[in-house]
Amino acid sequence: MQKILIANRGEIAERVIRTCRNLGIETVAVFSEADKDMPYVTLATSAHHIGGAHPQQSYLNMEQIIKVAREEKVDGIHPGYGFLSENSAFAREVRENGFIFIGPSSDVIRLMGDKLQSRLEMIKANVPVIPGSDKPLTSVEEAYSLAETIGFPVMLKASGGGGGIGMHKCENSEDIRLQFEETKKRAKAYFNNDDLFIEKYIGNARHIEVQIVGDSYGNVLHLHERNCSVQRRNQKVIEEATSPHLPEEVRSKLYEAAVNAAKQVNYYNAGTVEFIMDENNNFYFLEMNTRLQVEHAISEEITGIDLVEWQILIANGEKIPLSQNDINVNGHSIEYRVYAEDPVKFFPSPGQIVDWNFPVEENVRIDSGYGSNLKVTPFYDPLIAKIIVTASSREACIEKSLNYLEKVSITGINTNIPFLIASLSEESFKDGKYSTNFVSNLMNINK
């Protein structure tokens, strides 16, 4: 490929541009009215204004993005993450218009985007799934009955959901009654799919995911696992690779399950198989993300592999350049998502950035799309930077992280950096035995 359009914005657009530059590939950026002054716009070889600030007018406007791709005569389109990255119709449109989609097939995106259908595929592949529905719920009464059978508490979920949207923990039948119709309405509005299903709630769980990469020749490899259990409102905040306190035999089974999941659906390009793990190290399939993850950087840091480069090579019809035995873990890496938000209530904090200072240090990687005097608008996700710290051990990584976070200076807006520092000082994080309840527990301690 000689020229790639990046159908995204901010940090991930800069990330893709960086790899393309290294490969000698020209890049085409697209930007909304709100993003005209963002750094990625000038970093790209060329840039096109595609619409208003609202995502529907710009980054979700398939027709406008394809139009720019035609005008620029690009070879491929990289969707980044979020927006159209897991939209099967967009992947199909890209290919039908003669461009290479830098991601998996539209059929796989559609299949794995449906939580119920993907669950059935995992059962076929002998990948463990959480006890629950195998078909859409037809009524609130059916939901009651199934919940009674598998035992409360349960999770009521939208089949087309993602990013924490369309998920509700239900402690009893009354909770199901209160949430059922509203969840259906939200699912229809957000995902154009109002199918709901129920799964057993796994308490004190860990959220563990495996980075996989497949090519069009049937090869699938894993790039080890990440622990993503520090979450607020089902959104990840801190991720680390690899996961602490994971017995080697469990780790091996986890990798095998992830690879089998990908092979079951003939997956190619980069993807992530997400699992939930209980207190006894039993793990269950959660979902598959058919795109590059926000947290892909920590997998890159421990393996030395540029995942965006591999995405481009695979989309170009090439084989994965390494074998599984070539992919080794070197050190420990932790990613901290810096959000423009209140560090206690987690409400978004848009506004004008005044001071923006991330000191340059060895083994500290900053992936960001912002800077001094730029405005964080309310139209997009409040993620403004990712701090990725790597060291020889987990203990050294935490110590280095604390020292570094204390030096970061961002003024003009609120950020969650105080929360990140508090998290690292918490005993359950330091000993690596934290669960997805970590944030709520921390908030209770600090009340």
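Strands, like helices, are DSSP runs, and a strand has at least two residues. Keep in mind as we go that this is a predicted model.

Let's start inside. Strand β2 covers residues 26–32, and Ser-32 belongs to it. Is Ser-32 buried or exposed? The cut-off for buried is under 20% relative accessible area, and Ser-32 has 0% relative accessibility, so it counts as buried. Who are its neighbours? Leaving out residues up to four places away in sequence, Ser-32 touches His-49, Gly-51, Gly-52, Ala-53, Ser-58, Tyr-59 and Tyr-380. With Tyr-380 there's also a polar contact: the two side chains are joined at 2.7 Å.

Now for some helices. Take α3 (residues 62–72) and α4 (residues 88–96): their axes are 11 Å apart, and the packing angle is about 25 degrees. Angles under 35 degrees count as roughly parallel, and that's why α3 and α4 are described as roughly parallel to each other. Their crossing is right-handed. Look at who meets whom: α3 brings Met-62, Ile-65 and Ile-66, while α4 brings Ala-89, Phe-90, Glu-93 and Val-94. Sorted by class, that contact has six nonpolar residues, one charged and no polar ones.

Next, jump to α12 (residues 394–407) and α13 (residues 417–425). How do their axes cross? They come within 10 Å of each other, at roughly 155 degrees. Over 145 degrees counts as roughly antiparallel, so α12 and α13 are roughly antiparallel to each other. This time the crossing is left-handed. On the α12 side you'll find Ile-398, Ser-401, Leu-402, Leu-405 and Glu-406, and on the α13 side Ile-417, Leu-420, Ile-421, Leu-424 and Ser-425. In this contact, seven residues are nonpolar, two are polar and one is charged.

Finally, have a look at some loops. Pro-153 sits in the loop between α7 (140–150) and β6 (154–162), and the peptide bond joining Phe-152 to Pro-153 is cis, with omega about -5 degrees. Another cis peptide bond runs from Ala-241 to Thr-242, where omega is near 0 degrees. Thr-242 is in the loop between β11 (235–241) and α9 (248–264).

Two asparagines are worth a stop as well. Asn-126 isn't a glycine, yet it has a positive phi of about 60 degrees. You'll find Asn-126 in the loop between α6 (115–124) and α7, and with 70% relative accessibility it counts as exposed. Asn-363 has a positive phi too, near 65 degrees. Asn-363 lies in the loop between β16 (356–357) and β17 (364–368), and its relative accessible area of 47% makes it partly exposed.

Key:
Residues numbered from 1 in each chain as written. Predicted model: local features only at pLDDT ≥ 70, side-chain atom pairs only at ≥ 80, totals over all residues. Heavy atoms only, no water. Axes fitted to C-alpha atoms, helices over the stretch in contact; angles between N-to-C directions. Helix = DSSP H or I, 4+ residues; strand = E, 2+ residues; numbered from the N terminus. Parallel < 35°, antiparallel > 145°, perpendicular 65-115°, else oblique. Left-handed = near helix turned anticlockwise from the far one by under 90°. Contact = heavy atoms within 4.5 Å. Nonpolar A, V, L, I, M, F, W, Y, C, P; charged D, E, K, R; others polar. Buried < 20%, exposed > 50% of the residue type's maximum accessible area, 1.4 Å probe, protein only. Polar contact = N/O pair within 3.5 Å; in protein donor to acceptor, adjacent residues only side chain to side chain.
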